[in-house]
Amino acid sequence: MDVTDVASARQRPVGLVELARIPLRRWRIVLASAALVLAAVLAYLFVLPATYTATTAVVVRPVVTDPFSVPSGGADRAVNMTAESGIATSNDVIDKVAGITGRDTKEVADALEVETPVGGQVMRFSYAGHSEREAVDGANGAAESYLELRKGMYENQRAAVLKSYDDTIDLVTAQRTTTQRSLPANQSSSNPSPRTSALLDQLRALNDQLATLAEQRSKVASADLSPGSVTSAARTPVPSSRDAAPLLLVAGLLGGLLLGGLVAFVRESLDRRVRTAAEAAATIGAPLLGTVHCRRGGQPDESDLRYLVLALGRWVDGPQRTPLVVLSSATDEGREQITAGLAAVLATAGHDVRLGVTPESLDRIRPLMLDAQRRNPPVEPARSRPLPRPRPVPATTPATTGAAGPEDTAVIPAVRKPRPFPTSAEAKNGAVYRSTTTGEDKTEIIPTARPAAAGAATDGQELRIGTGKVRLVDLDGAASEGLTVLDAPPALHDERGVRAAREGRALLVAARDRTRTSQLTQLVDRLRAVGVEPVGFVLTGDGRD
């Protein structure tokens, strides 16, 4: 696979099915998010105290002299509802509601809400209390307090205007009295003097002014100061926060699932892992040699391992058997299980395998090999029995007559001489003489197994599996002409595996849903940087493509 194929594989489109697999693959995150949201909803419903909300509606009226007249223009122009809303939430109203409900003024300010629709003269006072009675008292108390406050403000304004009119009327009346006193008493009404005419004109003007002031004062005095009225008072029962508990639970469950799916997508984008064989092939740029599924207990499937050995037939049966180095980017990808499984399958097939391991992984691989030996006990190879050789004619046989033929020849059986017991030297070399009951009586010499030399004990532990054997040796001293499998340490943190791969063949192990794509890419880049091209990769895991 060249660079173009890798780039095209990485740019392949993502379908809806693959998008749906992400929340299913990370179902723990989805369930945890849904559980947290449901826990928050349950705490809101049953742990926190219930909140009761009561609403009182008030119609605001403008101040008019004629209560039956219709104000010109819109209702919102007749009454400034923005100013009225500010008055309804003023400190005076909040203090009175706090005195009614017995709560703190800050809590009352947070619990009281005033709504003023645009283009109307209706105000809604909503109060949230800890009980139905508190909510009803708070809403009604806020509406009544607003009306009382507004009425008091109107009355104060009217009193100030009336006082101003009264003061002006008193002043004009005093001027009229002064003018009347200035008129001459004996002046003829038919022919008044210019001064008298001027005083009379001034007196008529003062009388007209007094009449106008009196008319304006009467209008102000007759104005309707009612700020409005309560049209819908709050009363029990009132809605509470627990009335929609089933709906809140369903909404919490759906919201939690949605939040969990979102978190799953975020985790997937931040923590990209190998999901399919196609993704691993696109990242590594090498062919897939086999997929090894894990059984219960983490043991790899033996049939998958046998197929993997068939895929590695060139290396197993080839004339040049270079070491096979099994590499991975991390320790939890099943590399050690794959290495031990390959060695066990090869030994079962009759090969002598040298398994190179590091000291830190020896304690983990030895139990795997012992388990493979338990499942595949040692089997001695079948020996071919030698054919019996013809017995030579003894020298003491009497001569036959010259005219006699072969059928007249008399054969005298020779007497078998018993073999002597083994000498001390032969016994020391391990020769044991055992008589066998065969067609002809003879003696076989069966050599016993010689103990391993002192130098071989340092070479490693030898385990017979099936008809073959596996010798556990150190990773640095595993060079041999036979079949050699090396279990390399994680290549991202230890360079010994990459160094060994330069003299052999690199086989990468990637675990589905566990191997990170970034780490796998880094491992491949490091291998190619030192001139090592992977022969292929093995995909492990329980999932399916």
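The legends below describe close-up views of a predicted model. Local features are given where pLDDT is at least 70, and side-chain atom pairs count only at pLDDT 80 or more, whereas totals for chains, interfaces and linings use all residues. Residues are numbered from 1 along each chain as its sequence is written, and side-chain values use heavy atoms, with hydrogens and water left out.

**View 1. Packing of helices α8 and α9.** Helix α8 covers residues 132-182 and helix α9 residues 194-221; helices are DSSP runs of H or I with at least four residues, strands are runs of E with at least two, and both are numbered from the N terminus. The two helices pack at an angle of about 160°, with their axes 9 Å apart. Axes are lines fitted to C-alpha atoms, for helices over the stretch in contact, and angles run from 0 to 180 degrees between N-to-C directions. α8 is therefore roughly antiparallel to α9 (angles under 35 degrees count as roughly parallel, over 145 as roughly antiparallel, 65 to 115 as roughly perpendicular and the rest as oblique). The contact of α8 with α9 comprises 13 nonpolar, 10 polar and five charged residues. In this classification Ala, Val, Leu, Ile, Met, Phe, Trp, Tyr, Cys and Pro are nonpolar, Asp, Glu, Lys and Arg are charged, and the others, Gly among them, are polar.

**View 2. Packing of helices α2 and α10.** Helix α2 (residues 16-25) packs against helix α10 (residues 245-270) at an angle of about 100°, and the axes are 9 Å apart. α2 and α10 are therefore roughly perpendicular to each other. Leu 19, Ile 22, Pro 23 and Arg 25 of α2 meet Ala 264, Phe 265 and Glu 268 of α10, where contact means heavy atoms within 4.5 Å. By class, this contact of α2 with α10 has five nonpolar, no polar and two charged residues.

**View 3. The eight-stranded sheet.** Eight strands form an open sheet with mixed pairing, in the order β5-β14-β13-β6-β12-β7-β11-β10; two strands pair if DSSP finds at least two bridges between them. β5 (288-293) and β10 (461-465) stand at the edges with a single partner strand each, so one side of each is left without a neighbour in the sheet. From one strand to the next, the twist averages 25°. Strands β6 (residues 324-327) and β12 (residues 483-487) run parallel and are joined by three bridges. Val 326 stands opposite Asp 487 in β12. Helix α14 (residues 335-348) packs on the sheet, and its direction makes about 165° with that of β12. Helix α15 (residues 359-375) lies across β7, β10, β11 and β12 and runs at about 25° to β10.

**View 4. The four-stranded sheet.** An open sheet of four strands has the order β2-β3-β1-β4, with antiparallel pairing. Its edge strands, β2 (112-115) and β4 (228-232), each pair on one side only. The twist averages 25° from one strand to the next. Strand β1 (residues 52-60) runs antiparallel to β4 and is joined to β4 by four bridges; the bridge partner of Ala 57 in β4 is Ser 232. Helix α5 (residues 81-88) packs on the sheet, touching β1, β2 and β3 (122-129), and its direction makes about 25° with that of β3.

**View 5. The salt bridge between Lys 96 and Glu 148.** In this salt bridge the closest N and O atoms of Lys 96 and Glu 148 are 3.9 Å apart. Lys 96 belongs to helix α6 (residues 91-101) and Glu 148 to helix α8, so the pair ties together parts that are 52 residues apart in sequence. The structure holds 24 salt bridges (a side-chain nitrogen of Lys or Arg within 4 Å of a carboxyl oxygen of Asp or Glu).
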